[in-house]
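Have the viewer open as you read.

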Amino acid sequence: MRFQPVIGLEVHVQLKTASKIFCGCSTAFGSEPNSQTCPVCLGLPGALPVLNKQVVEFAIQAGLATNCSITPRSVFARKNYFYPDLPKGYQISQFEDPICQHGWLDIQVEGQESKRIGITRIHMEEDAGKLVHGDVSGLEEGSGVDLNRACTPLLEVVSEPDLRSSDEAVSYLKQLHQIVTWLGICDGNMEEGSFRCDANVSVMPVGSETLGTRAEIKNVNSFKFVKQAIEYEIRRQIELIEDGATVVQETRLFDPTSGTTRSMRSKEEAHDYRYFPDPDLVPLVIDDAWVQRTRDELPELPEQRMQRFMTEWDLSAYDAEVLTASRSLAEYFEACVALHVNAKAVSNWMMGEITRALNDSGTSIDCCPVTPRLLVELLKLIEGGTISGKIAKTVFEAMWQSGKEPATIVQEQGLVQVSDSGAIEAIIDEILTREAGQVAEFRSGKDKLFGFFVGQVMKASKGKANPAVVNELLLSKLKG
Amino acid sequence: MNISVADVEKVARLARLELSEEEKSLYAGQMAAILGYVEKLKELNTDGILPTSHAVPMENAFREDAVSPSIGIEKALANAPDRVESFYRVPKVIE
């Protein structure tokens, strides 16, 4: 029998606010345990939560960018369960009437047609604290609780079970990640847990209409692990069914070292969360004017900007996609082309030298030492014939190291391109005399030796000879 | 509306409450009375009436996104039954 995987994702997006969702404590990562706490996020008796308005603004932005409708009147609910990282004994979340509903994203898996993935809902909620085991002295016995993260604002984005493969899941996840970082509502740091994903996976016989029993996989905190975890889980479930066993509905934990999932705890009662409206928080009413204002202020989204790059700057779909991978990359490109240089040249340099140098040094484009203005200066030197494209790479390296003006570097290092035909002719004559044997072979029809002569001339000129002039002179002398 | 002792036990377990046998039957009766009253309310026609989640007619209470001082580790941990460094310490939680 052949099986069809069915996957839905629940993504937790940590919002980039300065303060927590219901109190004024800082959301900064990595501070001393429990230093960012107050009666509200500690769940002390009598403390009252007040909603951070920025969280609502961010949630509306996320909803609009994922084609959701914004719920005019939504309420917060208490999700009741006991766990040591949850001081109040309930999590403030949304249950009925979440802030955003019925959205979608179009995803594109390489070699396949674009596919629309439904987004069931996006709701606002508070994060729990963090549990620490073992790695602190004194914690050999027991677990440590750090409540700095408690009450940090999250959006939970729940997809429809529309995904049919691990590749589709990764594609959806990457697109969602791109959108929330592009909007600037999440820092997207998966290692620190700012963007984390639970995957609901089930399998059913191909052609079946009835969904199989699903397992929920937690703790998948990179795109690679999402792919691994889903693929492992699909195999595990198919093997179970083929062996005549049944899949149990449960929560499973992904273990990155072994690439496997294992059962975490039984969910028999865990689903009985006894949600009810939180009486401490008043209803949230979002009128059309508020939605419209947010829509008007929404930045141009990656998909739109990609299309515009293709039409406005005549870039290929591939180039436009790479250059809109992040908002800062797209803005770097636009800052360059605003200075009136060839868009295709900017694109080539960004996808070539700049990407390579950023990767090598682990720098992000925001901290690129070669600013758009400096890159444009360099391109102008090439366009004006002052340096060759090859020498430009040397100049780029020097700019990367020193941050100096390209013209200064060219002058200091004597890299000006030699276009003077007299000087180049002298070099060519010397080479042709030295390589008399090769010359004879070329003239007897071995055309491909031409590249050899060009190489020798460029080498002798230390790369400074103008390649166009070299080609022209060399050809006429060899033919002559 | 009938509430069994098993229903009471389930709710008690979810709320981490330990009840005596007398309490279980006492609460079963009380809960049945409360739910019976809700049954009575259901007889009313409430078409077009929004559920009341709050007694006070108020909406949109916000705070601006500004950091205010936390209370500090010592105060935060002052009532903790057990601590290690600046962590609360709880019985080992293994997942």
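## Ground rules

A word on axes before anything else: they are lines fitted to C-alpha atoms, for helices over the stretch in contact, and angles run from 0 to 180 degrees between N-to-C directions. Helices (H or I, at least four residues) and strands (E, at least two) are DSSP runs, numbered from the N terminus.

This is a predicted model, where local features need pLDDT of at least 70 and side-chain atom pairs count only at pLDDT 80 or more, while totals for chains, interfaces and linings use all residues. Residues are numbered from 1 along each chain as its sequence is written, and chains are lettered from A and ligands numbered from 1 in the order in which they are written.

## Helix 2 against helix 5 in chain A

Start with helix 2 (residues 53–65) of chain A and helix 5 (residues 288–297) of chain A: their axes come within 10 Å and cross at roughly 70°. That makes helix 2 of chain A roughly perpendicular to helix 5 of chain A (angles under 35 degrees count as roughly parallel, over 145 as roughly antiparallel, 65 to 115 as roughly perpendicular and the rest as oblique). The crossing of these two is right-handed; a crossing is left-handed if the near helix is turned anticlockwise from the far one by less than a right angle, and right-handed if clockwise.

Who touches whom? On the helix 2 side of chain A you'll find Glu57(A), Ile60(A), Gln61(A) and Leu64(A), and they meet Val291(A), Thr294(A) and Arg295(A) of helix 5 of chain A. Contact here is when the C-beta atoms of two residues, placed from the backbone, lie within 7 Å. Sorted by class, this contact has three nonpolar, two polar and two charged residues (Ala, Val, Leu, Ile, Met, Phe, Trp, Tyr, Cys and Pro count as nonpolar, Asp, Glu, Lys and Arg as charged, and the others, Gly among them, as polar).

## Val55(A), a buried spot

Val55(A) also sits in helix 2 of chain A. Is it buried or exposed? Val55(A) counts as buried because it has 25 C-beta neighbours inside 10 Å. The cut-offs: buried if 20 or more other C-beta atoms lie within 10 Å of a residue's own, exposed if 12 or fewer, and partly exposed in between, with C-beta atoms placed from the backbone.

Setting aside neighbours within four places in sequence, Val55(A) is in contact with Leu15(A), Thr17(A), Ile21(A), Met124(A) and Pro153(A). Lys393(A) is another story: it comes 338 residues apart from Val55(A) along the chain, and their C-alpha atoms are separated by 45 Å.

## Helix 8 against helix 10 in chain A

Now for helix 8 (residues 327–337) of chain A and helix 10 (residues 372–383) of chain A, with axes that come within 9 Å and cross at roughly 50°. That makes helix 8 of chain A oblique to helix 10 of chain A, and the crossing is right-handed.

Tyr332(A), Ala335(A) and Cys336(A) from helix 8 of chain A meet Pro372(A), Leu375(A) and Val376(A) from helix 10 of chain A.

## Where the chains meet

In total, 31 residues of chain B are in contact with 43 residues of chain A. On the chain B side, strand 1 (62–63), helix 3 (73–77) and strand 3 are the elements that give two or more residues. Strand 3 of chain B gives the most, with four residues. By class, that side of chain B has 16 nonpolar, six polar and nine charged residues.

Three bridges join strand 10 (residues 143–146) of chain A to strand 3 (residues 87–90) of chain B, and Ser143(A) has Val90(B) as its bridge partner. Elsewhere, two bridges join strand 2 (residues 51–52) of chain A to strand 1 of chain B, which run parallel; there, Leu51(A) partners Phe62(B).

## Two positive phi values

Most residues other than glycine have a negative phi. Asp97(A) has phi near 55°, a positive value, and lies in the loop between strand 6 (90–93) and strand 7 of chain A. With 19 C-beta neighbours inside 10 Å, Asp97(A) counts as partly exposed.

Over in chain B, phi of Arg16(B) is near 55°, also a positive value. Arg16(B) lies in the loop between helix 1 (5–14) and helix 2 (21–41) of chain B, and is exposed, with 8 other C-beta atoms within 10 Å.

Key
Pairing = 2+ DSSP bridges.
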